[in-house]
Amino acid sequence: MPLSSGDYLVQPPAPENDSFRTLPEVFAEAVTGHPGEYAVRDAHQRRTWRQWSEESRALGAGLQHLGVGAGDVVAVQLANSWEFLLAHVAIADIGAVMLPLHRVLGEREVRALLERAGARLLVASADAAGAARAARPGCVNHTLITSGTGADREPDGPEGTYTAGSFDELVRVHAGARPDPVAVTPDTPFVLLPSSGTTSARPKICLHTHGGLLSNAASVARDGGAGADRTLISASPFTHLFGLLSVHLSLLTGARQALLPAWDVDALRALADTGERTALFAVPAQLRDLVQRTAGRAGAAENIRFHEVRTGGAVVPGELVTEVRRLLGARTIVQWGMSELGAGMYTRPDDPPEAAVRGIGRPVTGSEARVAAPDGTPCPDGETGELQFRGPHLFREYKWPLELLVVDEVPMTPTGKVARAALTALLAAPIAVGDPAWAAGLAALTPTERARRVQDLVDDAVREVTGGVRDDAPHPDAAFRDRGIDSLAAVRMAGTLAARTGLPVAATAVFGHPTTPALAAHLLALAGETAVTGVRDGRSSRVGGRAEYPVSEADDPVVITGMGCRFPGDVRTPEDLWRLVIDGRETAGEFPDDRGWDLAALRHPDPDRPGATPARRGSFLADAAGFDARFFGISPRDATAMDPQQRLLLETSWEALERAGIDPRSLRGSRTGVFVGMMASDYAPRVNESPEAYDGGLLTGNAAGVASGRIAYTLGLTGPALTVDTACSSSLVSLHLARQALLRGECHLALAGGVTVMSTPASFIDFGRQGALSADGRCKPFSEAADGAGWGEGAGVLVLERLSRARRAGHPVLAVLAGSAVNQDGASNGLTAPSGPAQEQVIREALADARLAAADIDLVEAHGTGTPLGDRIETEALLAAYGRDRRGDRPLGLGSVKANIGHTQAAAGVAGVIKTVLALRHDTLPRTLHADRPTPHVDRERGSLHLLRDSLPWTRGPRPRRAAVSAFGISGTNGHLILQEPPQPDQPTAQPTDRETG
């Protein structure tokens, strides 16, 4: 429906109109204002504004010499480099149009964009093989190759000549020349960018003008107070509008640029001049890496500081904003945008950290935005709608694919009108061009060419049966269902492929092979191409039908490379947990008032009354229901039907992978396993109050067995996916199973952890009846004041892989899983009563698995629930298993994170592991709370256990430092895990065969 200015929520004024400026005009002003000052620096040298002007003019003259004229498209596939900046200004100066190509694009994507845009010339670096191969005759007329860094130029040839295809010599030969004048106006087309989210072979391309892009940059400069005193570093590629914005800000304000060709924290540190006011443009994943590296590096906070950090392109959690401000000292701005508009919405530096999650910011100056309902009316506060935006810097148009379809006869109705349904079916019908020789024709191609040929064929079939309506899949491996292929279309698609190839493609083939790579591999198999082709079949790491498992080697242990967590006390990262532990804080608080609990009944003074509990407090997650459903492609209805435990697992799994330096989307189709500890859900009764609102979603949303499967489905993982319920030992048992799967070669990467969220107070009521809960909600492990467990909540997920693979991939190695064991109480003194002999035995089995002696362990992160009987049994088992063969001056350190965050039940084991990994990292044996008056069973028998009442240094010595983690379930299943500090990259992993007693 038509929109009027009155429909918009925000309509700020635009004090200046930069929509009527061009890049050559703005660049000339910058050169005139700062001719001898340096404009650009990289790791090799500095260049002035005058140098930039002279070399870009020479390049412009050279491009005209090669036949590039006004309106011609020049494609550029370069890193953030001096050559990119030269090309950007030169292309603008001669009135040509730039097509930036991301360096990660493959040959197929590059070819599609070059052909769609009608590129006349391509500029690429020597390592951009995809672009060079795609630039074949008939696609572009010329290809220019840069030497790479700009600091290591090719030798000059004879004066007046240049080597064909050399970017650097083209500039050299035309040194001192100026391009012929060309009329460039603010409405002149300048940059072509694929629409946000486009990955199809026929992408929509957004056309931006000079005035539109500069208007956007001018608004950002005004809103952010940018000036010539800044140095801008973009970690985002200039081929993205986010990175290109930093270039235009530099031109408009006269700010300097420091070039970061690729993301590398050490290179960034070297580039960031502490004497300059530096502004960093970086996406959230890069900031997480920078924050993690800064936090873990002594003195790093003083070595690298930024005046401003601007981020966007993905979800920006509040804790990330907080850490950037704290560790980097930077005012932080979050912005939203897309290829169609550039920077659209933003937060202010003084906005609360969570503003980027809970709101949409404010539109940049001169623009207007509103949230609209489906009927076009503004949405009331608190309701979800469509974000509508307008302003002078919006793109001008799409370049759409045009096709001419010829039919023998247009179907008509008896009354002489076009039969639209019949015509639609006629145009959608597959063209019968089956070729019996199709399979034979593959033989002449290389394996890579065969894979590309078949994947192109599959994508063409998708577009044919859908009309291309939804073929803007967010990932190359997106499921056909998400690309608009329903059951009927899947059958038609199989028929189309059968007709095109002459192969016996079954009607169910699309269902059994639901992605382009998977279906392409299936077609190759039908064609007899069973040799290794490099095409993943989408269901495993099998290539060409053969399973390839790594060889298990004793010196290649399983290691932890990433961690993600949520725990009470607003703990949203492992670093938050460590600060909570080391500061000696605890999290017990009042029962939550946002879960629909009958608090009056729970707090009834008669604890024996039905619905009452003697416990008055617990440790709860502050925002257990918070979840970005859209980020994971889940509808609001399905998200509401999902147990919050499943939601937390998705978020912490994603964060753990990113912290390991892994793009979660890159794992699609990989043999990655999922091992999740989770107890029975108590969320379903809440949504069952109105089941008709969630028809079809309650079963999968609340079945514990689906929790691991949902992670695997969302990320496209094809390794083992198990949900483990052994009660309070669930997450530690999951880690044990994940480690075994990795050692056996059942998967090459694994996510393992656990989760607990109490949607109802049932556990407080039931365990209160048994007298097992403390009234104040605190766990007081191994304390004389221990009076029961204090329930808590949380989630933790670890990324596990073999050491060799982690080293090859450059993933951070946080700790080694040296050994693990699981056993059962058997016929103990009661179904739920702990068994000391069983606990002692599981410890001995874990030590044997690690090939270690008891004296080799420095610290035990105990189960330590704070129940008097449970603590005594565990203490006696620890003394029996670890008390022998220990020197009196080296007692075993003892503690439990439950003293801080309560008993997080199915997440308890992984919480202890995360705490212990952090203790290794920070060289500290952290204190445990409520230990001022220890139980008489600690510190008084044999002197072998030392309850950590104070934090102590954990110094490195001649042998690796090691710790153990215990978790015992009410189910009777016990787990024990041995952790070891990671070896240095040039050292072998310690695998002792004899006891280490020193």
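**Figure 1. Strand 20 beside strand 21.** Strand 20 (residues 672–678) and strand 21 are paired in the parallel sense over four bridges; helices (H or I, at least four residues) and strands (E, at least two) are DSSP runs, numbered from the N terminus. Strands count as paired if DSSP finds at least two bridges between them. The model is predicted: local features need pLDDT of at least 70, side-chain atom pairs count only at pLDDT 80 or more, and totals for chains, interfaces and linings use all residues. Residues are numbered from 1 along each chain as its sequence is written, and side-chain values use heavy atoms, with hydrogens and water left out. Gly677 has Val724 of strand 21 as its bridge partner. Val676 stands opposite Thr723 in strand 21.

Figure 2. Seven of the seven residues of strand 20 are buried, and the strand is mostly covered. Buried means under 20% relative accessible area, exposed over 50%, and partly exposed in between (1.4 Å probe, protein chains only). One side carries Thr672, Val674, Val676 and Met678, and the other carries Gly673, Phe675 and Gly677. Both faces are covered. Strand 20 also pairs with strand 22 in the parallel sense, over seven bridges. Thr672 stands opposite Leu749 in strand 22.

**Figure 3. Ser734 in helix 27.** Helix 27 spans residues 730–743 and contains Ser734. Ser734 counts as buried because its relative accessibility is 0%. Neighbours within four places in sequence are left aside here. Ser734 is then in contact with Phe675, Val676, Gly677, Val724, Ala752 and Gly753. Contact means heavy atoms within 4.5 Å.

Figure 4. Axes are lines fitted to C-alpha atoms, for helices over the stretch in contact, and angles run from 0 to 180 degrees between N-to-C directions.

Figure 5. Strand 23 is largely enclosed by the rest of the structure, because nine of its nine residues are buried. Strand 19 and strand 23 run antiparallel and are joined by eight bridges. Arg566 has Ala795 of strand 23 as its bridge partner. Strand 22 and strand 23 also run antiparallel, joined by eight bridges. Ala750 stands opposite Leu800 in strand 23.

**Figure 6. Helix 1 against helix 8.** Helix 1 (residues 23–33) packs on helix 8 (residues 241–253) at an angle of about 55°, with the axes 7 Å apart. That makes helix 1 oblique to helix 8. Angles under 35 degrees count as roughly parallel, over 145 as roughly antiparallel, 65 to 115 as roughly perpendicular and the rest as oblique. Leu23, Val26, Phe27 and Ala30 of helix 1 meet His248, Leu251 and Leu252 of helix 8. By class, this contact has six nonpolar, one polar and no charged residues. Ala, Val, Leu, Ile, Met, Phe, Trp, Tyr, Cys and Pro count as nonpolar, Asp, Glu, Lys and Arg as charged, and the others, Gly among them, as polar.

**Figure 7. Ser56 in helix 2.** Helix 2 covers residues 49–65 and includes Ser56. Ser56 is buried, with a relative accessible area of 3%. Its contacts, leaving aside neighbours within four places in sequence, are Phe27, Leu86, Val89 and Ala90. Ser56 and Ala175 are 119 residues apart along the chain, and their C-alpha atoms are separated by 9.4 Å.

**Figure 8. Strand 4 and its pairing with strand 3.** Val97 and Leu99 point one way from strand 4 (residues 97–100), and Met98 and Pro100 point the other way. All are buried. Strand 3 (residues 73–77) pairs with strand 4 in the parallel sense over four bridges. Val76 stands opposite Pro100 in strand 4.
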